[in-house]
Amino acid sequence: MRQFVKVIALSISALFSFTAVYGQDKVCLQKSVTYRSGKFSFSACTGDFNGDGKPDVAVVNYNGNDMVILINNGDGTFKPGVTYVTGHYPTSVKAGDFNNDGKMDLAVSNVGSETISIFFGNGDGTFKPKQDFPGGPFPCYVAVSDFNHDKNLDLAISNDSINTVTIFTGKGDGTFTNAGAFRVGEYPSPISVADFNGDGNDDLAVTNTGGNSVSVLLGKGDGTFNKASEYPVGSYPNCVTTGDFNNDGKTDIAAVNSANGNVSVLINKGDGTFAKGNTLPAGGGGPISIVAVDINKDGQVDIALCNAGTNNISILVNDGKGNFADPITFQSGISPICILVDDFNKDGYWDFLTVDNNESGSISIFLGCPPKQ
(Lines give C-alpha, C1' and ligand atoms only; values in the text may rest on other atoms or scores of the structure.)
Protein backbone atom coordinates (compact mmCIF):
# COMPACT_ATOMS: atom_id res chain seq x y z
CA MET A 1 0.00 0.00 0.00
CA ARG A 2 3.10 2.22 -0.18
CA GLN A 3 1.75 4.30 -3.06
CA PHE A 4 -1.40 5.58 -1.38
CA VAL A 5 0.20 6.14 2.02
CA LYS A 6 2.89 8.25 0.33
CA VAL A 7 0.32 10.29 -1.60
CA ILE A 8 -1.67 11.18 1.51
CA ALA A 9 1.43 11.90 3.61
CA LEU A 10 2.89 14.13 0.90
CA SER A 11 -0.34 16.08 0.54
CA ILE A 12 -0.90 16.67 4.24
CA SER A 13 2.69 17.74 4.84
CA ALA A 14 2.69 20.37 2.07
CA LEU A 15 1.05 23.15 4.10
CA PHE A 16 0.95 26.68 2.69
CA SER A 17 -1.13 29.75 3.46
CA PHE A 18 -3.94 30.73 1.10
CA THR A 19 -6.92 33.03 0.81
CA ALA A 20 -10.33 31.62 -0.07
CA VAL A 21 -12.29 33.91 -2.37
CA TYR A 22 -15.90 33.45 -3.40
CA GLY A 23 -17.34 34.88 -6.61
CA GLN A 24 -14.10 36.38 -7.94
CA ASP A 25 -13.75 37.53 -11.56
CA LYS A 26 -15.53 35.15 -13.96
CA VAL A 27 -16.03 32.31 -11.48
CA CYS A 28 -18.63 32.01 -8.75
CA LEU A 29 -19.05 29.09 -6.36
CA GLN A 30 -21.16 28.96 -3.23
CA LYS A 31 -19.53 27.94 0.03
CA SER A 32 -19.26 24.16 0.18
CA VAL A 33 -21.75 21.89 1.95
CA THR A 34 -20.41 18.67 3.46
CA TYR A 35 -22.02 15.20 3.49
CA ARG A 36 -20.81 12.13 5.38
CA SER A 37 -19.51 9.44 3.05
CA GLY A 38 -17.49 6.95 5.12
CA LYS A 39 -14.10 6.54 6.76
CA PHE A 40 -11.18 7.81 4.69
CA SER A 41 -13.14 8.30 1.47
CA PHE A 42 -10.83 7.90 -1.51
CA SER A 43 -12.60 8.38 -4.85
CA ALA A 44 -16.03 9.05 -6.33
CA CYS A 45 -18.06 9.22 -9.52
CA THR A 46 -21.39 10.68 -10.55
CA GLY A 47 -24.28 9.09 -12.45
CA ASP A 48 -28.05 9.05 -12.59
CA PHE A 49 -28.67 5.96 -10.47
CA ASN A 50 -32.44 6.32 -10.05
CA GLY A 51 -33.46 7.60 -13.50
CA ASP A 52 -34.70 11.03 -12.40
CA GLY A 53 -32.30 12.96 -14.62
CA LYS A 54 -30.24 14.29 -11.69
CA PRO A 55 -26.64 13.22 -10.99
CA ASP A 56 -26.16 11.07 -7.89
CA VAL A 57 -22.83 10.19 -6.26
CA ALA A 58 -20.95 6.98 -5.46
CA VAL A 59 -17.99 7.19 -3.05
CA VAL A 60 -15.51 4.42 -2.20
CA ASN A 61 -13.88 4.31 1.23
CA TYR A 62 -10.37 2.90 1.38
CA ASN A 63 -10.31 2.02 5.08
CA GLY A 64 -13.96 1.02 5.26
CA ASN A 65 -13.86 -1.52 2.41
CA ASP A 66 -17.18 -0.15 1.25
CA MET A 67 -19.02 2.18 -1.12
CA VAL A 68 -21.60 4.80 -0.20
CA ILE A 69 -24.38 5.93 -2.55
CA LEU A 70 -25.78 9.44 -2.07
CA ILE A 71 -29.00 10.18 -3.97
CA ASN A 72 -29.59 13.71 -5.22
CA ASN A 73 -32.75 15.42 -3.95
CA GLY A 74 -32.86 17.32 -7.24
CA ASP A 75 -31.69 20.65 -5.87
CA GLY A 76 -28.04 19.77 -5.34
CA THR A 77 -28.56 18.45 -1.83
CA PHE A 78 -28.28 14.76 -1.02
CA LYS A 79 -30.02 12.09 1.01
CA PRO A 80 -28.02 10.22 3.68
CA GLY A 81 -25.72 7.65 2.15
CA VAL A 82 -26.45 3.93 1.77
CA THR A 83 -23.48 1.57 2.19
CA TYR A 84 -22.44 -1.42 0.06
CA VAL A 85 -19.57 -3.83 0.77
CA THR A 86 -16.72 -3.72 -1.77
CA GLY A 87 -13.46 -5.65 -1.94
CA HIS A 88 -10.50 -4.77 0.26
CA TYR A 89 -9.11 -1.24 -0.05
CA PRO A 90 -11.23 0.20 -2.87
CA THR A 91 -9.50 3.06 -4.69
CA SER A 92 -11.62 3.95 -7.73
CA VAL A 93 -15.23 3.82 -8.94
CA LYS A 94 -16.78 4.49 -12.35
CA ALA A 95 -20.36 4.35 -13.64
CA GLY A 96 -21.71 2.75 -16.81
CA ASP A 97 -24.42 0.43 -18.10
CA PHE A 98 -22.38 -2.76 -18.28
CA ASN A 99 -25.21 -5.21 -18.96
CA ASN A 100 -27.16 -3.02 -21.40
CA ASP A 101 -30.40 -3.02 -19.40
CA GLY A 102 -30.75 0.77 -19.37
CA LYS A 103 -29.78 1.06 -15.70
CA MET A 104 -26.56 2.56 -14.39
CA ASP A 105 -24.05 0.12 -12.88
CA LEU A 106 -20.76 0.67 -11.06
CA ALA A 107 -17.24 -0.75 -11.35
CA VAL A 108 -14.90 -0.56 -8.33
CA SER A 109 -11.18 -1.36 -8.25
CA ASN A 110 -9.92 -2.97 -5.03
CA VAL A 111 -6.13 -2.94 -4.52
CA GLY A 112 -6.21 -5.10 -1.38
CA SER A 113 -8.17 -8.02 -2.82
CA GLU A 114 -6.87 -7.35 -6.37
CA THR A 115 -10.37 -7.54 -7.79
CA ILE A 116 -12.85 -5.48 -9.76
CA SER A 117 -16.32 -5.34 -8.21
CA ILE A 118 -19.33 -4.84 -10.46
CA PHE A 119 -22.53 -3.54 -8.86
CA PHE A 120 -25.58 -3.92 -11.10
CA GLY A 121 -28.08 -1.11 -10.69
CA ASN A 122 -31.76 -1.71 -10.00
CA GLY A 123 -32.68 1.61 -11.61
CA ASP A 124 -34.13 3.03 -8.39
CA GLY A 125 -30.90 4.20 -6.78
CA THR A 126 -30.11 0.83 -5.20
CA PHE A 127 -27.64 -1.83 -6.33
CA LYS A 128 -27.34 -5.59 -6.19
CA PRO A 129 -24.46 -7.08 -4.14
CA LYS A 130 -21.11 -7.02 -5.88
CA GLN A 131 -19.84 -9.54 -8.38
CA ASP A 132 -16.04 -9.80 -8.46
CA PHE A 133 -13.48 -10.79 -11.06
CA PRO A 134 -9.65 -10.68 -10.93
CA GLY A 135 -8.25 -7.23 -11.69
CA GLY A 136 -4.56 -8.11 -11.91
CA PRO A 137 -1.85 -7.05 -9.45
CA PHE A 138 -2.69 -3.91 -7.46
CA PRO A 139 -5.54 -2.59 -9.66
CA CYS A 140 -5.57 1.10 -8.72
CA TYR A 141 -7.84 3.02 -11.07
CA VAL A 142 -10.55 2.23 -13.57
CA ALA A 143 -11.68 4.02 -16.75
CA VAL A 144 -14.75 3.15 -18.83
CA SER A 145 -15.33 3.35 -22.58
CA ASP A 146 -16.09 1.22 -25.66
CA PHE A 147 -12.57 0.49 -26.84
CA ASN A 148 -13.46 -2.06 -29.54
CA HIS A 149 -16.58 -0.43 -31.06
CA ASP A 150 -18.92 -3.33 -30.24
CA LYS A 151 -21.36 -1.07 -28.35
CA ASN A 152 -20.52 -2.75 -25.04
CA LEU A 153 -18.65 -0.85 -22.34
CA ASP A 154 -15.10 -1.95 -21.56
CA LEU A 155 -12.74 -1.23 -18.66
CA ALA A 156 -9.15 0.02 -18.51
CA ILE A 157 -7.37 -0.73 -15.23
CA SER A 158 -4.02 0.71 -14.11
CA ASN A 159 -1.97 -1.95 -12.32
CA ASP A 160 0.42 -0.05 -10.06
CA SER A 161 2.80 -2.81 -9.02
CA ILE A 162 3.58 -4.12 -12.54
CA ASN A 163 3.41 -0.82 -14.47
CA THR A 164 0.68 -1.82 -16.91
CA VAL A 165 -2.81 -0.91 -18.04
CA THR A 166 -5.07 -3.94 -18.45
CA ILE A 167 -8.05 -3.86 -20.81
CA PHE A 168 -11.18 -5.86 -19.99
CA THR A 169 -13.63 -5.94 -22.90
CA GLY A 170 -17.30 -6.12 -22.00
CA LYS A 171 -19.52 -8.91 -23.31
CA GLY A 172 -22.66 -6.80 -22.90
CA ASP A 173 -24.04 -8.92 -20.06
CA GLY A 174 -21.93 -7.38 -17.29
CA THR A 175 -19.06 -9.85 -17.62
CA PHE A 176 -15.65 -9.09 -19.06
CA THR A 177 -12.76 -10.71 -20.93
CA ASN A 178 -9.12 -9.88 -20.24
CA ALA A 179 -7.93 -8.46 -23.58
CA GLY A 180 -4.33 -7.93 -22.52
CA ALA A 181 -2.00 -5.69 -20.56
CA PHE A 182 -0.03 -2.78 -22.00
CA ARG A 183 3.15 -1.45 -20.41
CA VAL A 184 3.28 2.15 -19.20
CA GLY A 185 5.55 4.10 -16.85
CA GLU A 186 6.36 3.48 -13.20
CA TYR A 187 3.43 3.36 -10.76
CA PRO A 188 0.54 4.23 -13.11
CA SER A 189 -2.36 6.05 -11.52
CA PRO A 190 -5.56 7.61 -12.98
CA ILE A 191 -6.46 7.13 -16.64
CA SER A 192 -8.09 9.63 -19.01
CA VAL A 193 -9.81 8.54 -22.24
CA ALA A 194 -9.80 10.70 -25.40
CA ASP A 195 -9.19 10.51 -29.16
CA PHE A 196 -5.77 12.15 -29.48
CA ASN A 197 -5.04 11.47 -33.16
CA GLY A 198 -8.52 11.96 -34.65
CA ASP A 199 -8.91 8.42 -35.99
CA GLY A 200 -12.18 7.73 -34.16
CA ASN A 201 -10.60 5.29 -31.70
CA ASP A 202 -10.29 5.89 -27.98
CA ASP A 203 -6.77 6.51 -26.70
CA LEU A 204 -5.46 6.59 -23.13
CA ALA A 205 -3.40 9.02 -21.06
CA VAL A 206 -2.00 7.72 -17.78
CA THR A 207 -0.01 9.53 -15.10
CA ASN A 208 2.98 7.60 -13.73
CA THR A 209 3.65 8.79 -10.18
CA GLY A 210 6.97 6.97 -9.90
CA GLY A 211 8.22 7.83 -13.38
CA ASN A 212 7.25 11.54 -13.33
CA SER A 213 5.65 11.10 -16.73
CA VAL A 214 2.45 10.68 -18.70
CA SER A 215 2.02 7.60 -20.89
CA VAL A 216 -0.08 7.95 -24.05
CA LEU A 217 -1.44 4.77 -25.63
CA LEU A 218 -3.08 5.15 -29.04
CA GLY A 219 -5.98 2.77 -29.55
CA LYS A 220 -6.30 0.46 -32.56
CA GLY A 221 -10.10 0.31 -32.27
CA ASP A 222 -10.19 -3.41 -31.45
CA GLY A 223 -9.54 -3.16 -27.71
CA THR A 224 -5.76 -3.19 -28.11
CA PHE A 225 -3.28 -0.33 -28.04
CA ASN A 226 0.00 0.67 -29.61
CA LYS A 227 3.17 0.87 -27.53
CA ALA A 228 3.01 3.73 -25.04
CA SER A 229 4.84 7.00 -25.64
CA GLU A 230 6.26 8.68 -22.52
CA TYR A 231 6.18 12.43 -21.87
CA PRO A 232 8.02 13.96 -18.89
CA VAL A 233 6.00 16.16 -16.55
CA GLY A 234 6.63 17.34 -12.98
CA SER A 235 7.42 15.42 -9.82
CA TYR A 236 4.92 12.87 -8.54
CA PRO A 237 2.08 13.41 -11.04
CA ASN A 238 -1.08 12.04 -9.49
CA CYS A 239 -3.87 12.71 -11.97
CA VAL A 240 -4.49 13.61 -15.61
CA THR A 241 -7.27 15.30 -17.55
CA THR A 242 -7.81 16.24 -21.19
CA GLY A 243 -9.25 19.16 -23.15
CA ASP A 244 -8.55 21.50 -26.06
CA PHE A 245 -6.68 24.13 -24.06
CA ASN A 246 -5.36 26.21 -26.99
CA ASN A 247 -8.53 26.09 -29.08
CA ASP A 248 -6.95 24.42 -32.12
CA GLY A 249 -9.41 21.52 -32.33
CA LYS A 250 -6.98 18.98 -30.86
CA THR A 251 -7.22 17.34 -27.44
CA ASP A 252 -4.42 18.31 -25.06
CA ILE A 253 -3.36 16.89 -21.68
CA ALA A 254 -2.92 18.40 -18.22
CA ALA A 255 -1.26 16.52 -15.36
CA VAL A 256 -1.18 17.68 -11.74
CA ASN A 257 2.20 17.31 -9.96
CA SER A 258 1.86 16.82 -6.21
CA ALA A 259 5.49 17.33 -5.21
CA ASN A 260 5.97 20.50 -7.30
CA GLY A 261 2.61 22.09 -6.55
CA ASN A 262 1.90 22.74 -10.22
CA VAL A 263 0.24 21.53 -13.43
CA SER A 264 2.04 20.39 -16.59
CA VAL A 265 0.26 21.02 -19.91
CA LEU A 266 1.09 18.89 -22.97
CA ILE A 267 0.00 20.32 -26.33
CA ASN A 268 -1.27 17.90 -28.98
CA LYS A 269 0.50 18.15 -32.35
CA GLY A 270 -2.54 16.59 -34.05
CA ASP A 271 -1.12 13.14 -34.65
CA GLY A 272 -1.32 11.90 -31.06
CA THR A 273 2.13 13.14 -30.12
CA PHE A 274 2.65 16.01 -27.71
CA ALA A 275 4.88 19.02 -27.10
CA LYS A 276 5.63 20.56 -23.72
CA GLY A 277 3.24 23.38 -22.89
CA ASN A 278 2.94 25.79 -19.99
CA THR A 279 3.56 24.90 -16.36
CA LEU A 280 0.79 26.35 -14.21
CA PRO A 281 0.67 27.11 -10.47
CA ALA A 282 -1.74 24.88 -8.56
CA GLY A 283 -2.85 27.53 -6.09
CA GLY A 284 -2.14 25.35 -3.07
CA GLY A 285 -0.07 22.56 -1.56
CA GLY A 286 -0.22 18.89 -2.48
CA PRO A 287 -2.40 19.14 -5.63
CA ILE A 288 -3.69 15.66 -6.33
CA SER A 289 -6.72 15.59 -8.65
CA ILE A 290 -7.71 17.62 -11.74
CA VAL A 291 -10.64 18.08 -14.15
CA ALA A 292 -11.15 20.14 -17.30
CA VAL A 293 -14.41 22.00 -18.00
CA ASP A 294 -15.65 25.30 -19.43
CA ILE A 295 -16.40 26.73 -16.01
CA ASN A 296 -17.49 30.22 -17.03
CA LYS A 297 -19.31 29.22 -20.25
CA ASP A 298 -17.08 31.32 -22.54
CA GLY A 299 -16.30 28.44 -24.90
CA GLN A 300 -12.78 27.85 -23.50
CA VAL A 301 -11.70 24.80 -21.51
CA ASP A 302 -10.64 25.74 -17.98
CA ILE A 303 -8.99 23.67 -15.24
CA ALA A 304 -10.10 22.84 -11.71
CA LEU A 305 -8.04 20.92 -9.18
CA CYS A 306 -7.95 20.10 -5.48
CA ASN A 307 -5.05 20.66 -3.11
CA ALA A 308 -4.90 18.11 -0.29
CA GLY A 309 -2.19 19.92 1.66
CA THR A 310 -3.99 23.26 1.92
CA ASN A 311 -7.62 22.06 1.98
CA ASN A 312 -8.78 24.06 -1.03
CA ILE A 313 -9.72 23.82 -4.68
CA SER A 314 -8.31 26.02 -7.43
CA ILE A 315 -9.90 27.29 -10.64
CA LEU A 316 -7.64 28.28 -13.54
CA VAL A 317 -9.50 30.26 -16.21
CA ASN A 318 -8.32 29.79 -19.81
CA ASP A 319 -8.04 32.62 -22.35
CA GLY A 320 -8.48 30.15 -25.25
CA LYS A 321 -4.83 30.32 -26.32
CA GLY A 322 -3.55 27.97 -23.66
CA ASN A 323 -2.81 30.76 -21.19
CA PHE A 324 -4.42 30.57 -17.76
CA ALA A 325 -5.16 33.25 -15.18
CA ASP A 326 -3.80 32.95 -11.65
CA PRO A 327 -5.64 30.35 -9.57
CA ILE A 328 -8.86 31.35 -7.83
CA THR A 329 -9.12 29.35 -4.59
CA PHE A 330 -12.06 28.10 -2.56
CA GLN A 331 -11.84 26.45 0.84
CA SER A 332 -12.78 22.76 0.91
CA GLY A 333 -13.01 20.00 3.49
CA ILE A 334 -9.96 18.41 5.10
CA SER A 335 -7.49 16.75 2.71
CA PRO A 336 -9.47 16.72 -0.57
CA ILE A 337 -7.97 14.03 -2.85
CA CYS A 338 -10.51 13.80 -5.68
CA ILE A 339 -12.44 16.46 -7.60
CA LEU A 340 -15.43 15.97 -9.93
CA VAL A 341 -17.58 18.36 -11.93
CA ASP A 342 -21.31 18.07 -12.72
CA ASP A 343 -24.47 20.16 -12.62
CA PHE A 344 -26.06 18.78 -9.45
CA ASN A 345 -29.02 21.18 -9.28
CA LYS A 346 -29.54 21.51 -13.05
CA ASP A 347 -29.39 25.31 -13.05
CA GLY A 348 -26.95 25.52 -15.97
CA TYR A 349 -23.89 26.35 -13.83
CA TRP A 350 -21.13 23.85 -13.20
CA ASP A 351 -20.82 22.50 -9.66
CA PHE A 352 -17.89 20.72 -8.03
CA LEU A 353 -17.48 17.81 -5.65
CA THR A 354 -14.41 16.96 -3.60
CA VAL A 355 -13.73 13.72 -1.76
CA ASP A 356 -12.24 14.59 1.62
CA ASN A 357 -9.77 11.91 2.76
CA ASN A 358 -10.00 12.16 6.54
CA GLU A 359 -11.10 9.96 9.43
CA SER A 360 -14.65 11.28 9.53
CA GLY A 361 -15.01 10.78 5.75
CA SER A 362 -17.00 13.27 3.70
CA ILE A 363 -17.66 14.86 0.35
CA SER A 364 -17.96 18.61 -0.19
CA ILE A 365 -20.37 20.07 -2.76
CA PHE A 366 -19.71 23.50 -4.30
CA LEU A 367 -22.75 24.76 -6.20
CA GLY A 368 -22.07 27.15 -9.06
CA CYS A 369 -23.65 30.59 -9.25
CA PRO A 370 -23.83 33.41 -11.82
CA PRO A 371 -20.43 35.12 -12.19
CA LYS A 372 -19.94 38.85 -11.73
CA GLN A 373 -20.76 40.89 -14.80
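The model is predicted, so local features need pLDDT of at least 70 and side-chain atom pairs count only at pLDDT 80 or more, while totals for chains, interfaces and linings use all residues. Residues are numbered from 1 along each chain as its sequence is written, and side-chain values use heavy atoms, with hydrogens and water left out.

**Cysteines**

- The structure holds 1 disulfide (a pair of cysteine sulfur atoms within 2.5 Å).
- Cys-28 and Cys-369 form this disulfide, with an S to S distance of 1.9 Å.
- The pair links distant parts of the chain, 341 residues apart: Cys-28 lies in the loop between α1 (2-13) and β1 (33-36), and Cys-369 in the segment after β28 (362-366).
- Helices (H or I, at least four residues) and strands (E, at least two) are DSSP runs, numbered from the N terminus.
- The torsion about the S-S bond of Cys-28 and Cys-369 is about -85 degrees, so the disulfide is left-handed.
- Both Cys-28 and Cys-369 are buried (under 20% relative accessible area, with exposed over 50% and partly exposed in between; 1.4 Å probe, protein chains only).
- Cys-45 is in no disulfide, and the nearest cysteine sulfur, that of Cys-338, is 9.3 Å away.
- Cys-45 counts as buried because its relative accessibility is 6%.
- Cys-338 is also in no disulfide; the nearest cysteine sulfur to it belongs to Cys-306, 6.7 Å away.
- Cys-338 counts as buried because its relative accessibility is 8%.

**An open sheet**

- Four strands in the order β10-β11-β12-β13 make an open sheet with antiparallel pairing (two strands pair if DSSP finds at least two bridges between them).
- β10 (139-145) and β13 (176-183) are at the edges and have a single partner strand each, so one side of each is left without a neighbour in the sheet.
- Strands β11 (residues 154-159) and β12 (residues 164-170) pair in the antiparallel sense over 5 bridges.
- Ser-158 stands opposite Val-165 in β12.

**Nonpolar cores**

- A nonpolar core is a set of buried Ala, Val, Leu, Ile, Met, Phe, Trp, Tyr and Cys residues joined through side-chain atoms within 4.5 Å.
- The largest nonpolar core has 24 residues, of which Ile-315, Phe-330 and Phe-352 touch the most other members.
- β22 (287-293) is one of the elements that give two or more residues to this core, and β22 gives the most, with 3 residues.
- Ile-315 touches residues including Val-27, Ile-303, Phe-330 and Phe-352, not counting residues up to four places away in sequence (contact means heavy atoms within 4.5 Å).
- A second, separate core of 15 residues includes Tyr-35, Val-59, Phe-78 and Ile-365.
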